[in-house]
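Let's take a walk through this protein together, from the overall fold down to a few individual side chains. Keep the viewer open and follow along as each residue comes up.

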Amino acid sequence: MTNYSCSHNRSKPTNSDSILCVNLDRIPASTHNTSCLMLNQPRELALSPSELLALSHISDKGIRIFVITTCQPCAQVTNVRTLLNKISKLTLIQLPEPAARLFSRQASLKHTQRVLNALSDYKVHLSQATFLASSPIDRENLLTARLAFALKDAGYECCCAADRVFEHRHQGGLIQALSFFEQVIEPASSYL
């Protein structure tokens with residue numbers, strides 16, 4: 001098992017001001033063993049019933065959720081969007097696909113700027129949010145976020161930048177991260 005060191009000192013969010021940003025793009029399990037981080041690998045936007053339930057449970061606690069995807073609109077994305085629209089306090093943000101073929105810092109910075117611009121439309125800044133990374137392109141988002149989580153799918157650099165690392169998504173990492181996020185939220189009354 002790989003160990004990731006973390007020396008971040010970030011504040012815990014409270015229930016009253018909690019915002020969760022999640023990149024739900026998923027590389028199909030059949031392509032997980034590629035050795036090169038390609039941004040144009042086939043990706044899918046899909047949710048298992050248990051992942052959908054975990055998102056819904058967090059939303060029921062009054063937490064705003066922003067789901068970020070670069071998957072292009074298709075029947076599959078429309079189906080997931082329909083499911084997500086049933087969850088209150090959840091917003092799906094569709095970003096353009098990265099133009100770069102290989103992962104680079106420049107591609108990550110451009111992606112982060114797109115995320116920041118999209119969130120600003122909702123009067124939210126990434127420094128107010130917990131960000132859950134699932135792709136190497138999310139590295140800069142983690143460095144900007146109030147609290148940073150990463151799935152192992154996000155790669156070594158994201159895992160090093162994260163406050164907490166979870167298993168690969170196909171091994172239940174997304175559900176583990178969402179459960180941990182629920183536990184880490186401090187009730188607003190604890191500050192009174």
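Of the 192 residues in the protein chain, 47% are buried, where buried means under 20% relative accessible area, exposed means over 50% and partly exposed lies in between (1.4 Å probe, protein chains only). What you see is a predicted model, in which local features need pLDDT of at least 70 and side-chain atom pairs count only at pLDDT 80 or more, while totals for chains, interfaces and linings use all residues. Residues are numbered from 1 along each chain as its sequence is written, and side-chain values use heavy atoms, with hydrogens and water left out.

The protein chain has six helices and eight strands; these are DSSP runs numbered from the N terminus, with helices being H or I of at least four residues and strands being E of at least two. Along the sequence, their order is β-β-β-α-β-α-β-α-β-α-β-α-β-α. If you take the contacts between residues at least 6 apart in sequence, 62% join residues at least 24 apart, a contact being heavy atoms within 4.5 Å.

Now for the interior. A nonpolar core is a set of buried Ala, Val, Leu, Ile, Met, Phe, Trp, Tyr and Cys residues joined through side-chain atoms within 4.5 Å. The largest one has 29 residues, and the members that touch the most others are Leu24, Leu55, Leu84 and Phe181. Two or more residues come from each of β1 (19–23), α1 (49–60), β4 (64–69), α2 (75–85), β5 (90–94), β7 (147–151) and α6 (173–184). The top contributor to this core is α6, with five residues. Another core lies apart from it and has 23 residues, including Cys21, Ile93, Leu119 and Cys158.

Aromatic rings come next. The structure has four aromatic pairs; rings of Phe, Tyr and Trp (its six-membered ring) pair if their centres lie within 6.5 Å, and planes under 30 degrees apart count as stacked, over 60 as edge-to-face and the rest as tilted. Phe149 and Phe166 are an edge-to-face pair, because their planes stand at 75°, with the ring centres 5.5 Å apart. Phe149 is in strand β7 and Phe166 in strand β8 (residues 164–166), so this pair ties together parts 17 residues apart in sequence. Phe149 is buried at 2% relative accessibility, and Phe166 is buried at 6%. Phe149 also pairs edge-to-face with Phe180, at 5.6 Å centre to centre and 70° between the planes. Since Phe180 belongs to helix α6, that pair links parts 31 residues apart in sequence. Together, Phe149, Phe166 and Phe180 form one aromatic cluster.

What sits over the ring of Phe180? The charged end of Arg164 does, 4.2 Å from the ring centre; the criterion is NZ of Lys or CZ of Arg within 6 Å of the ring centre and within 35 degrees of the ring normal. Arg164 is in strand β8 and is partly exposed, at 39% relative accessible area. Beyond its neighbours within four places in sequence, Arg164 contacts Ala148, Phe149, Ala150 and Phe180.

Finally, visit Ser134, in the loop between β6 (130–133) and α4 (139–144). Ser134 is buried, at 9% relative accessibility. A polar atom of the Ser134 side chain lies 2.7 Å from the backbone oxygen of Asn23.

Methods. A polar contact is a pair of N or O atoms within 3.5 Å; within protein, one must be able to donate a hydrogen and the other to accept it, and residues adjacent in sequence count only if both atoms are side-chain atoms.
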